[in-house]
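Please consult the sequence and the model while reading the points below.

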Amino acid sequence: MTDLLFQNNSYIRQFQSRIKKTITLPNGNVGVVLEHTAFYPEGGGQPSDKGQINGIPVNDVYSEGSDIIHVMSDLPQAVAVEAAIDWSRRFDHMQQHSGQHILSATCHELFGAATVGFHLGAQSSQIDLDLPGFTDEQMNAAEQLSNEMLYGNKAVRIHQATQATLHEYPLRKQPAKDFAAIRLIEIEGIDCCPCGGTHVAATGEIGMIKIRSWERKNNAIRLDFVCGYRALADYQYKNLLIKELSGRLSAPGPQLLSTLDKLFNKADETNRQLAAARQELNVQLAGNLYRQTEPEKGIKIIVYQLLNSSPADVAGLAKQLVSSPATVALLAGVADDNSKVHLVFSCSPDLTINMGPILKAALPLIEGKGGGNGSSAQGGGSSIKHTADALELARQAVIQLL
Ligand SMILES: [Zn+2]
């Protein structure tokens, strides 16, 4: 059985030990079991520590029975080893995990909510609360009270309880199963619950708890939060973001939203004007195309390619063209960057030409997909070099049907 140094002291960063045994693991890795270790193995929602043993990286740590397995790519050459955990990673986990206990205690006190899940992630952490609903106001209240508990700088203590002494502790959460001895984490005057994780010694070390968002998840309310240096990094990032946005929009922070509203309104107005101008242009263009096209057996088959256009532009022009009777529009629109082409084949309502099969025959030439039936069909493709061939093929197909 490995002696677990982190259970009584989360602040042991370096230690000496002896290799008790080694095991071969997949992918060329080796598992090292020490007589005692300060490395925390993954468990209870908290990821494992990393670090090094005799200068060789420890990439993962897990428990197997009563052993703690240190996953390494190489085996240390000596039995007596010097080990060091990655302290910034460990302290980060301590801040998040102790912060979680406080947040859970707060939600229990304010809303009577039990914490039914905890995950300490690489970017942020989550707790799941057994609650039917939640509000932003509740989120703010939980955040406020949690931070007040930090600034009280309360002691965080580790206890070992037995069945006989368990009643002496004001537990928020009962142990999950029968036990001979159980480790408890007590936050003075705030919380006490069974936990095997690593924790700070006083709540002030958590620095700050920030709830970033909440959502309904699997019949629970999930809070996403960051503590300590993660909260600082989150604030730094958001401060930078606001500064950048302010610079680009030439507006101080408090005016960002109203400035954005003005911009969106202006963009909407511009789009409306553009649509009107496009419609006018379509009327002019449709008139010109109609006049220039000689009829075939009394039907005007108008073939045209629009450059720098969107599918909506092509469809708009087709609609305008087939508003004249006895007209077939075979149009292609090529995107701004020449990366795609969009075909629209339409006929006026007085004609009984089924445009679907005609489009289907033309689509392979543009490596495209699409569909439609009756008087209109459209589709897009990624190859523009045979656009003219696709239109000519469609023109011949229409002529065959006349
Ligand atoms: Zn815990």
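A disulfide is a pair of cysteine sulfur atoms within 2.5 Å. By that criterion, this predicted model holds zero disulfides.

**Cysteines**
- Cys192 takes part in no disulfide, and the nearest cysteine sulfur, that of Cys193, lies 6.9 Å away.
- Cys192 is buried, with a relative accessible area of 1%.
- Cys347 is also buried, with a relative accessible area of 3%.

**Strand β3 and its partners**
- Strand β3 spans residues 30-34 and is mostly covered, with five of its five residues buried.
- Val30, Val32 and Leu34 point one way from β3, while Gly31 and Val33 point the other way.
- Strand β2 (residues 14-24) pairs with β3 in the antiparallel sense over five bridges, and Lys21 has Val33 in β3 as its bridge partner.
- β2 and β3 form a hairpin with five residues between them, and Asn27 in the turn has a positive phi of about 60°.
- β3 also runs antiparallel to strand β7 (residues 67-72), to which three bridges join it; Val32 stands opposite His70 in β7.

**Helices α1 and α3**
- Helix α1 (residues 87-111) packs against helix α3 (residues 228-249) at an angle of about 90°, with their axes 7 Å apart.
- That angle makes α1 roughly perpendicular to α3.
- The residues of this contact divide into two nonpolar, four polar and two charged.
- On the α1 side, Phe91, Asp92, His93, Gln95 and Gln96 meet Gly228, Tyr229 and Arg230 in α3.

Conventions
Residues are numbered from 1 along each chain as its sequence is written. This is a predicted model: local features need pLDDT of at least 70, side-chain atom pairs count only at pLDDT 80 or more; totals for chains, interfaces and linings use all residues. Side-chain values use heavy atoms; hydrogens and water are left out. Buried means under 20% relative accessible area, exposed over 50%, partly exposed in between (1.4 Å probe, protein chains only). Axes are lines fitted to C-alpha atoms, for helices over the stretch in contact, and angles run from 0 to 180 degrees between N-to-C directions. Helices (H or I, at least four residues) and strands (E, at least two) are DSSP runs, numbered from the N terminus. Angles under 35 degrees count as roughly parallel, over 145 as roughly antiparallel, 65 to 115 as roughly perpendicular and the rest as oblique. Contact means heavy atoms within 4.5 Å. Ala, Val, Leu, Ile, Met, Phe, Trp, Tyr, Cys and Pro count as nonpolar, Asp, Glu, Lys and Arg as charged, and the others, Gly among them, as polar. Two strands pair if DSSP finds at least two bridges between them.
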